[in-house]
Amino acid sequence: MANKLVYSGKTKDVFALENGNYLLKFKDDCTGKDGVFDPGENSVGLTIEGVGDVNLRMSIYFFEKINAAGIKTHYVKANLDDTTMEVIPAKVFGHGLEVICRNKAVGSFFRRYGEYIEEGADLPSYVEMTFKNDDKGDPLVTKEGLIVLGVMTGEQYEAIKDMTQKITKIVSDDLAEKGLDLYDIKFEFGYDADGNVILIDEIASGNMRVYKNGEYIEPMTLSELFFA
């Protein structure tokens with residue numbers, strides 16, 4: 001029996017498996033605008049041959065490391081031959097939530113708070129959450145807001161924050177060994193059938209802002225450096 005397509009996303013397709021798990025098929029489509037890759041864009045802008053493969057490779061590498069550290073994720077196994085990853089079912093919080101961990105004051109953080117902090121200043125693995133809503137520009141939301149809106153409990157928020165900081169340290173330490181500096185990184189979390197908070201989606205170069213000797217590294221270049 002063929003796997004059933006349940007969702008076709010911008011960079012991945014999702015199939016239902018007979019064992020109750022899901023299969024993520026990584027595509028070579030990238031978000032961007034006018035043919036230029038931009039992880040922050042909300043529409044597919046171009047196709048880069050091999051990007052699905054490197055995104056899956058990096059995800060496998062970090063998911064296995066994170067699982068080994070005792071942090072729960074949706075990752076089961078992967079197949080590089082057909083660019084797929086098997087994951088356990090998970091529900092997202094609300095209609096989808098992005099969790100950003102910031103080691104440096106750059107990007108939207110600096111645009112918001114630049115009158116209080118210098119660009120590139122150190123941050124203590126600062127965690128913020130935004131609702132995934134293209135029309136509203138992915139609005140920021142506080143812990144109290146998430147609780148009041150019934151999106152998550154205070155305990156779930158603290159679990160996500162703690163896991164985010166631990167996972168960020170794993171990724172950051174790994175990149176540092178290669179002479180690379182992680183400025184910020186974006187994650188997605190959900191919860192499994194037992195209500196446990198788990199890391200979902202992917203961990204790829206397009207979800208992180210990385211510098212080398214003060215120079216920003218483009219995601220595809222980062223993937224090449226990472227696996228060099």
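Two strands count as paired if DSSP finds at least two bridges between them. Strands (E, at least two residues) and helices (H or I, at least four) are DSSP runs, numbered from the N terminus. The structure described here is a predicted model, in which local features need pLDDT of at least 70 and side-chain atom pairs count only at pLDDT 80 or more, whereas totals for chains, interfaces and linings use all residues. Residues are numbered from 1 along each chain as its sequence is written, and side-chain values use heavy atoms, with hydrogens and water left out.

An open sheet is formed by 5 strands in the order 1-2-3-8-7, with antiparallel pairing. Its edges are strand 1 (4-8) and strand 7 (75-79), each of which pairs on one side only. On average, neighbouring strands of the sheet are turned by 25° against each other, direction ignored. Such angles run from 0 to 180 degrees between N-to-C directions, and axes are lines fitted to C-alpha atoms, for helices over the stretch in contact.

Within this sheet, strand 2 (residues 12-16) is joined to strand 3 by 5 bridges, and the two run antiparallel. F15 has L23 of strand 3 as its bridge partner. Strands 2 and 3 form a hairpin with 5 residues between them, where G20 takes a positive phi near 95°. Strand 3 also pairs with strand 8 in the antiparallel sense, over 4 bridges; here Y22 has V87 of strand 8 as its bridge partner.

Strand 8 (residues 84-87) is in turn joined to strand 7 by 4 bridges, again antiparallel. K77 is bridged to E86 in strand 8. The hairpin of strand 7 and strand 8 has 4 residues between the strands, and T83 in its turn has a positive phi of about 55°.

**Helix 1 and its partners**

Helix 1 (residues 51-68) packs on the sheet and touches strand 3 (22-26), strand 7 and strand 8; its direction makes about 145° with that of strand 7. Contact means heavy atoms within 4.5 Å.

| Partner of helix 1 | Angle | Axis distance |
|---|---|---|
| Helix 5 (residues 219-226) | roughly 55° | within 11 Å |
| Helix 4 (residues 154-176) | about 125° | 11 Å |

Helix 1 is therefore oblique to helix 5, and the angle with helix 4 likewise makes helix 1 oblique to helix 4. Angles under 35 degrees count as roughly parallel, over 145 as roughly antiparallel, 65 to 115 as roughly perpendicular and the rest as oblique. Helix 1 passes helix 5 in a left-handed crossing, while the crossing of helix 1 and helix 4 is right-handed. A crossing is left-handed if the near helix is turned anticlockwise from the far one by less than a right angle, and right-handed if clockwise.

Towards helix 5, residues V51, V54, M58, Y61 and F62 of helix 1 meet M220, S223 and F226. By class, this contact has 7 nonpolar, 1 polar and no charged residues. Towards helix 4, Y61, F62, K65 and I66 of helix 1 meet I167, I170, V171 and D174. The contact with helix 4 has 6 nonpolar, no polar and 2 charged residues. Ala, Val, Leu, Ile, Met, Phe, Trp, Tyr, Cys and Pro count as nonpolar, Asp, Glu, Lys and Arg as charged, and the others, Gly among them, as polar.

**Aromatic pairs**

The structure holds 11 aromatic pairs. One of them joins F93 and Y191, whose ring centres are 5.2 Å apart and whose planes lie at 50°, so the pair is tilted. Rings of Phe, Tyr and Trp (its six-membered ring) pair if their centres lie within 6.5 Å; planes under 30 degrees apart count as stacked, over 60 as edge-to-face and the rest as tilted. F93 lies in the loop between strand 9 (91-92) and strand 10 (97-104) and Y191 in strand 13 (residues 181-191), so the pair ties together parts that are 98 residues apart in sequence.
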